[in-house]
Amino acid sequence: MHGDAPSPRRTASRNRRRVLLKVLRYLLLTFLAVVIVFPLYITVVNSLLSPQQIASRPPTFFPIHPQWGSYSTAWDAGHMSEYMLNSVIVTAIITVGQVATAILAAYAFAFLEFPLKRALFVLFLATLMVPFEVTIITNLTTITNLGWYNSYQGLAVPFLATGFGAFLLRQAFLQVPPDLKDAASIDGYGHWRFMTRVAVPLARPTVAALSVFAFLGAWNQYLWPLLVTKDDRYRTVQIGLKQLSSTSLDQVNVTFAGVVIAALPLVVLLLIFQKQLVRGLTAGAVKG
Amino acid sequence: MAGVTFDRVTKCFGDVVAVDDLSLDVFDEEFLVLLGPSGCGKSTALRMIAGLEEPSEGTIEIGESIVNDVEAKDRDVAMVFQSYALYPHMSVRKNIEFPLRTRKVASDEREKLVHDAAESLGLETLLDRKPAQLSGGQRQRVALARAIVRRPKVFLMDEPLSNLDAKLRVQTRAELIELQRELATTVIYVTHDQVEGMTMGHRIAIMADGKLQQVGPPQAVYDHPANLFVAGFIGNPPMNTVSGPIVRTASDPAGSFGIGVEGTVIPLPAGHCAAIERSGAKTVVLGVRPEHLRPATEGGLVATVAVIESLGHERHVDCRLADGQMVISRLSSSEPAPLVGERVNLTVDPLELHIFDGVTEEAIETT
Amino acid sequence: MIFTRNAKARRRLRESGLAYLLLGPSLLIFAVFIFYPFLSNFYLGFFKTPPFPGLPNRFVGLSQYQEVLTSSTFLNSVRTTVAFAFLTVPLGIALGLGLAVVAHQQLRGIAIYRTIFSSTVATSVAVASVIFGTLFNPVVGLLPWLGINPQPPILDNPDWALIAVALITVWQTLGLTFILMASGLQAIPDELHEAARIDGAAAWSRFVRVTMPLLSPTIFFAVVIGGIFAFQTFGQIDLLTQGGPLDKTNVLTYYVFTTLRTENNDGKAAVLAVALFSITLVLTVVQMKVLERRVHYAR
Ligand SMILES: Nc1ncnc2c1ncn2[C@@H]1O[C@H](COP(=O)(O)OP(=O)(O)OP(=O)(O)O)[C@@H](O)[C@H]1O
Ligand SMILES: [Mg+2]
């Protein structure tokens, strides 16, 4: 049989192939998802088992009788409550500080004319070329001399400004139509009010992305908090995890609980601010 | 209420002279249209009144006082931008209210003013929308409402209609004229559209290359363009211009000479000849409005019909002279039209001729 | 006229003043915590830190640079870091790209998969290290149960430690790489794929001829930051191997840290920091130069 009309048999077999293809695709996706998420999953599971169950073979992959005690142990005896509080404080200071200084600097670069503008902008970009790791030697001395060793200031102040944030926000401010600035200045809005009422609200997606990016960076810091703190009063949660994992191998469930506690804020952040996070991270990638 | 005066104002951006030695008086309560082709410096002139640009030379007065050193916000002017410059993140209400917020206006008073402005432009039902949820025409009204809400001394408008479609533009034109009458304020209106200039302005000021070319009531400018540029810029289709050598025809009863165009000579009336003689011009350019160029059975210039454009109420007959120059005759659609390819004789009433100096391009007055 | 000039100058002055006021906070932080410590590294490198605190630093000129930069520990450290970069960057990008391609299709529920694929951005280096450190543990870990149980244990094994740390790093950064690649893919207009499809190109050749070239700027950036990240690797090493076994994981940043912290040798650490900066800089420039030529920038 020739002709253009496909035979019912052929259509049926094509449909079957399409369904099969779809199933294969889902299988592949699911397999990859399981592999990626398994370490996280097993962490949660282990945090709900007793140390004996964790060490038993074959391993337990599902907690039939979850034991939540590990969380309170990690929280209290493991000092996770202090670590978390410290991390929250330091991260909040850094995030707010970075966003604020970036807004101010970006506004100057986008809307004002002043001598040495280009040179200063190059200077801001130059900060991106210096990895923080390179500056720790003198920074540690500086912080110590300032009397900020083992303090919130010591943890946060070096990170209160970034060339990257200023650069990113300047790009966003340059998108603000110049007519808006002109209209506002006729209407009597000076720079400060134009910045707070027009420029920043219009750049809100970038501000949000930058905030998420700053939050992530501050929360995940490891080297500097390790250098600049000496006791649990100021240790952040990342350093706290090191303490927790090195002290309690016989309480490995507590370590896992600590890991879950430490990761939880970012998981929540990822779920709520997925869009901004993606924007922030991809913008951050261009930074390199 | 106040007038605006430019006194020998020049504005340079680096090497570019955007406005060149501009002197212009805008009267109180006048609707003045600043007209000119793209890049001629209209916006720059307007922005200097607003205080958004500083003049390089000269002074600008609003009312009786020199405002060169007065900040934009203290000049008591309002501006409507071509882009409308609405704040995208604010509702219509907030946008209209915006200029009042910096001026110490009590909040109930503010509300009343916003309401009045919105009402006079038919925006009451749109107050809670964001600019993105409005049509182009509605956005334009919000921009106007924001300008009128604080009753400024002077309104500045920079091509406020250019983003509207043709029909809305005609309608809004009429509304703007009415609005200006009601508010009885000075309006300085920038456009490159000569129809807007002709229909809206009490006077029009025509600029080219940063220089003022002519100021006057629209009809006066149309009837007596000061130079070739204005003649070509005002009127649609533009004035026909024909250039040719001055030919002495001593025997001609009408005058002592005419303009030679491929064999024929267009005779000039005696008054014109005297004027040309007085001016000392070596060559001249003749200008004829298309409506004054009539096809006839004999005499005049011989031409071939190249294209006929029918606009419904009138026809534009494009004709090619023997030496290749193109001229346009405008006929009402009730008149009989020639056919394409037909040879026609184009005649003109000598009194409707405009004469320009071929070198300076200035009009030669013939009265 | 004169009063106009004055007013103009005053206005300009005020604007400049405001600008410097706005830049001030950032400039202060940069000066104190980036430029000054960066520059003082070069200076500190000229001085030998005494073996006991309290004694004065001794000026030794360039000799400390020579001594440190030719030492076998330093050279080993650079080799280790480079090896680490080669272990993490290509694999990470390949996996991230693969995931992005797989997730780039119209299927019901694909958003859930995308979220899962990007889930490791919610982990920090410390979180990932502690998780895997425990999973790799010879007593309580899962790896031995799976039959992977080298002697000595994997993180203490000179042959395996660096590879293990690299794999953990690849997992931890996979979410970021995926997000990067996925948004790169998304930026490619669908019409281009459709055009290639109409031209009869098969899936694989579409990928090679259309997707890869258009994605090359994204990959380029991923390579650059991947390389830079590798030279900043620290937390994994500190938590999992402490540079061991036998210095096999003593990457440069960790070496700087131990020199500063354990040896208390600021002068030597400064030289190492200068080296770390120079290598990062050279690497970035070289990567840009080499890769830029092969990158197709969409216009
Ligand atoms: N800020 C500026 N910097 C440099 N040159 C400028 C600036 N603003 C305007 N110009 C130049 O000055 C000249 C006049 O510009 P202007 O905007 O006043 O023209 P316009 O008559 O409003 O034109 P259009 O009808 O296109 O709006 C142009 O040549 C323009 O390029
Ligand atoms: Mg303009």
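1. Between domain 1 of chain A and domain 2 of chain A the count of salt bridges is 0, a salt bridge being a side-chain nitrogen of Lys or Arg within 4 Å of a carboxyl oxygen of Asp or Glu. This is a predicted model, in which local features need pLDDT of at least 70 and side-chain atom pairs count only at pLDDT 80 or more, while totals for chains, interfaces and linings use all residues. Residues are numbered from 1 along each chain as its sequence is written, chains are lettered from A and ligands numbered from 1 in the order in which they are written, and side-chain values use heavy atoms, with hydrogens and water left out.

2. The domains of chain A, whose bounds come from an automatic or database domain assignment, are domain 1 (2–47) and domain 2 (79–282). Their contact (heavy atoms within 4.5 Å) takes 4 residues from domain 1 of chain A and 5 residues from domain 2 of chain A.

3. These two domains of chain A bury about 380 Å² between them, 78% of it on carbon and sulfur atoms; buried area is the accessible area (1.4 Å probe) that two parts lose on being put together, summed over both. Of the area that domain 1 of chain A buries against domain 2 of chain A, 89% is supplied by Thr43(A), Asn46(A) and Ser47(A), more than by any other three residues.

4. Turning to ligand 1, the residues that surround it, each with a heavy atom within 4 Å, include Phe13(B), Lys42(B), Ser43(B), Thr44(B) and Glu159(B). An oxygen atom of ligand 1 lies 2.5 Å from a side-chain N or O atom of Ser43(B), and an oxygen atom of ligand 1 is 3.1 Å from one of Glu159(B).

Conventions
A polar contact is a pair of N or O atoms within 3.5 Å; within protein, one must be able to donate a hydrogen and the other to accept it, and residues adjacent in sequence count only if both atoms are side-chain atoms.
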